[in-house]
Amino acid sequence: MSQTKYIIQAEVSVLPDYLSEVKALAAATLLPTLKEPGCEAFYQTSKTDDPATLIFFEVFASREAFDIHMNASYTKEFFAGLQGKLAGKPVSRTLQEL
């Protein structure tokens with residue numbers, strides 16, 4: 001595995017009628033993700049001025065560790081569960097340490 005951390009910030013705008021359901025889907029991924037080898041941090045938050053916009057901040061030890069996370073069954077189930085429940089296209093940013 002590479003030695004460069006892989007850091008992601010993802011912003012997901014959820015249709016208000018589905019917010020509780022999407023938050024439950026997200027919650028189901030939290031503990032399994034934190035237990036993954038290579039997961040250093042995984043925060044699930046929302047904007048204070050727009051609670052229907054969820055912000056995920058993830059730090060993995062490497063791109064390879066992130067790829068393993070993306071291929072996990074619970075991650076795939078989360079993305080499948082988002083279908084038809086979003087107010088717009090998710091925005092994802094890859095970040096780097098200073």
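Contact here means heavy atoms within 4.5 Å. The structure is a predicted model, in which local features need pLDDT of at least 70, side-chain atom pairs count only at pLDDT 80 or more, and totals for chains, interfaces and linings use all residues. Residues are numbered from 1 along each chain as its sequence is written, and side-chain values use heavy atoms, with hydrogens and water left out.

V14 lies in the loop between strand 1 and helix 1, helices (H or I, at least four residues) and strands (E, at least two) being DSSP runs numbered from the N terminus. Apart from residues up to four places away in sequence, V14 touches L19, V22, A52, L54, K85, L86 and A87. V14 counts as buried because its relative accessibility is 2%, where buried means under 20% relative accessible area, exposed over 50% and partly exposed in between (1.4 Å probe, protein chains only).

V14, L54, F56 and F60 have the most contacts inside the largest nonpolar core, which has 18 residues; such a core is a set of buried Ala, Val, Leu, Ile, Met, Phe, Trp, Tyr and Cys residues joined through side-chain atoms within 4.5 Å.

In helix 1, the buried residues are L19, V22, A26, T29 and T33. Seen down the axis of helix 1, these buried residues fall within an arc of 95° (taken from the directions from the helix axis to the C-beta atoms), so they line one face of the helix. They pack against strand 2, strand 3, helix 2 and helix 3 (73-81), whereas S20 and L31, on the other side of helix 1, are exposed.
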